[in-house]
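Please look at the structure below with its sequence at hand.

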Amino acid sequence: MSKPRSLRTSAPRRKEEAVPPGYAADPTEGPMLRFEASLPRLPVPPLSSTAAKYLETVQPHLTPSEFSATQSAVQSFLQSEQSKVLQKRLQARATDPSVKNWLSEWWNDVAYMGYRDPVVVYVSYFYVHMDDKSKPGQARRAATLLKAMLPFRAMVESKQLEPEKVRGAPLSMDSYKWLFHSSRYPTKPSDTARKFDPSKHNHVVFVRKNKFFVVPLADANGRELSAAELETQIENVIRLAGNTKAIPVGALTSENRDTWTDAREALLAASPSNAASLEAIESAMVIVCLDDTSPITREQTSWGCWVGDGRNRFYDKHQVIVFENGKSGFLGEHSCMDGTPTLRMTEFLLASLVHNKVDLGPERTPDTGKNLEPPKELKLVLDAKVEKYVKEAEQNFDKLVGSHDLEVLHYDKYGKELIKKFKASPDAWAQLVKQLAFHKMFGRPGVTYESAQTRKYQLGRTEVIRSASNESKAWAEAMLNPNETDEHRAQLFRRAVTRHLQYAAWAADGQGVDRHLFGLKKVLKEGEPLPEIYKDPAFARTSHWELSTSQLSSPYFDGWGYGEVVPDGYGLSYSIGDEYIRWTITSLKRRTAELKRYLAEAADETKAVMERAAAAEAQKQKPKL
């Protein structure tokens, strides 16, 4: 029998690890959140510091005359009384006892909840799981993934999960509450989110042939289902769904958020029973999409996890995606949390399966699952108005996704093991390869956003690492100059790596440029003039993120990615393994395959130059006979 699992775990506590001074454990909050109240608050950087960093980061993108004009605009702002007033307002907000993080409410609204474009492709992000070597079928793979997820859910919901730490310092774990049993809701002018009580909504929802089915995660006696029992229930879902596809109500969640708001109201008005069916979907632990496709290539699987067909989905929630051939992945709803919590959860369940660390329960027998309540289809009643919304959503999705490209470069000539031999940061190396590739393709630096987490602070989320620099530009130009020596190129490379690491450290410490400038603009009052620094063309140009980049690396992933953030840009996610670097590139069909080729060339050439320079240096060190 599969053991019952309480959402309060009795697992033995690990010995308390020492944390740096200034952190106090609150025993009333449970292990997961015990340091939350003593985390430092997100700082407001000094104006002079932000101004200096800003000028340094815009310079590689500007002509000398443009840079001179930007310097004047920045100096004018720094010397103005207005800048001092805005800085004081922001500092007052940062020290307000009722505000845990001066940025979080504003950023969550502007970047996520108030954002009106469709969450797919513009907000959601996806993971591709490494294949299960035992080659399970669709039902078995979905069942074992769910079974492995349950202990992680128990630790999160009981607050027994240990907080993540960086160099011994705990990180904010507040966003973990949105990991399970939560949903985003379309509302005007800004969306909302709701967290449900897992003890009252202990179920999962499957989507198959565009139909939704609810399955309890425990039997009538409260006993958690075994993997074998879940497998029988999933087989029942597949059987009940049949071969005929339903009108895809889930497609509505792929719409513009204002359109989905109106469509949801129409859906609720179409029948009194629809509210309960929607709540059953929204309150589920997670959505499991049982697709009727069997992708083979990395690109096919990435497409399937990123967008699917736009119909067998419910994009307002986290979704586990399982294909008919047993391949699987995850699609993250991004509004309430960033990628690191879902990365930890996904790694936990995949690692526990790979290493046989999860109790799947008894083996399957002919009687397995016979006494379980069968899956219940959540039938949504549609009228002509809702059906029109659905049809339009399908058309809009097909047009949007059809205008996109996705390419995967699994570069397996080297990875972090070789990079470390050159005493270089793997992340900085990968970022510089991207800059060289962009130079090859466009003849200039790419305006680049790299995500840095600021979870060392209360309610911390992200800051921008401005990866394009004067140093990276000088190195890329030297790489493309046939008259340059390898020794000089290597010297410039190391300067660019050092600069990248410095800016990354600033960003993680909340000392970047972009969130501070965003905050100063937010505290402007109605009728007050916009400072010149924001009117200067350099401001818009150097925050127009042509390369939206982020690294998540895991031996249990075979890919991950997201969409571009500007129409003429690229989504450029990457992972760095011991022996590979893998990039997923998305764009609005902007020569995506060419950028893939240039990335491979740039990776080759960076290694070759560093090896030749090292060999030349070693030759110099040899004693002369």
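Arg495 is partly exposed, because its relative accessible area is 46%, a value that falls between the limits of 20% for buried and 50% for exposed. The model in which this residue is seen is a predicted one. Arg495 belongs to helix H17, which spans residues 486-508. Between Arg495 and Val249 there are 54 Å from C-alpha to C-alpha, and the two are 246 residues apart along the chain.

Helix H17 lies across strands S13 and S14, and its direction makes an angle of about 160° with S14. Both strands are part of an open sheet of six strands. Read from one side to the other, the order is S12-S18-S17-S15-S13-S14, and the pairing in this sheet is mixed. Strand S12 (405-411) and strand S14 (462-466) are at the edges; each has a single partner strand, so one side of each is without a neighbour in the sheet. From one strand to the next the twist averages 25°.

Within this sheet, strand S13 (residues 448-453) pairs with strand S15 (residues 547-551). The two are parallel, and three bridges join them. In general, the strands of a sheet pair through backbone hydrogen bonds, and the pairing is either parallel or antiparallel.

Antiparallel pairing is found elsewhere in the chain, between strand S6 (residues 203-208) and S7, which are joined by six bridges. Val205 has Val214 of S7 as its bridge partner. The two strands form a hairpin with two residues between them, and Lys209 in the turn has a positive phi of about 55°.

Strand S7 also pairs with strand S11 (residues 376-377), again in the antiparallel sense, over two bridges. In this pairing Phe213 has Glu377 of S11 as its bridge partner. Is strand S7 enclosed or open? Of the six residues of S7 (residues 211-216), five are buried, so the strand is largely enclosed by the rest of the structure.

Now turn to a pair of helices. Two packed helices are described by the angle between their axes and by the distance between those axes. For helix H4 (residues 81-95) and helix H18 (residues 514-522), the axes come within 9 Å and cross at roughly 100°. H4 and H18 are therefore roughly perpendicular to each other, since angles of 65 to 115 degrees count as such. On the H4 side the contact is made by Leu86, Gln87 and Leu90, and on the H18 side by His516, Gly519 and Leu520. By class, this contact of H4 with H18 has three nonpolar residues, three polar residues and no charged ones.

The last stop is helix H21 (residues 592-621), where Thr606 is found. Is Thr606 buried or exposed? Thr606 has a relative accessibility of 1% and therefore counts as buried. Apart from neighbours within four places in sequence, the residues in contact with Thr606 are Trp429, Val433, Leu436, Trp475, Met479 and Phe493.

An unreviewed UniProt entry annotates residues 585-619 as "coiled-coil region". In the model, the chain over residues 585-619 is 80% helix and 9% strand. The C-alpha atoms at the ends of this stretch are 40 Å apart.

Definitions and conventions
Residues are numbered from 1 along each chain as its sequence is written. This is a predicted model: local features need pLDDT of at least 70, side-chain atom pairs count only at pLDDT 80 or more; totals for chains, interfaces and linings use all residues. Side-chain values use heavy atoms; hydrogens and water are left out. Helices (H or I, at least four residues) and strands (E, at least two) are DSSP runs, numbered from the N terminus. Buried means under 20% relative accessible area, exposed over 50%, partly exposed in between (1.4 Å probe, protein chains only). Contact means heavy atoms within 4.5 Å. Two strands pair if DSSP finds at least two bridges between them. Axes are lines fitted to C-alpha atoms, for helices over the stretch in contact, and angles run from 0 to 180 degrees between N-to-C directions. Angles under 35 degrees count as roughly parallel, over 145 as roughly antiparallel, 65 to 115 as roughly perpendicular and the rest as oblique. Ala, Val, Leu, Ile, Met, Phe, Trp, Tyr, Cys and Pro count as nonpolar, Asp, Glu, Lys and Arg as charged, and the others, Gly among them, as polar. UniProt positions are given in the numbering used here, feature names are shortened, and annotations may be inferred rather than shown by experiment.
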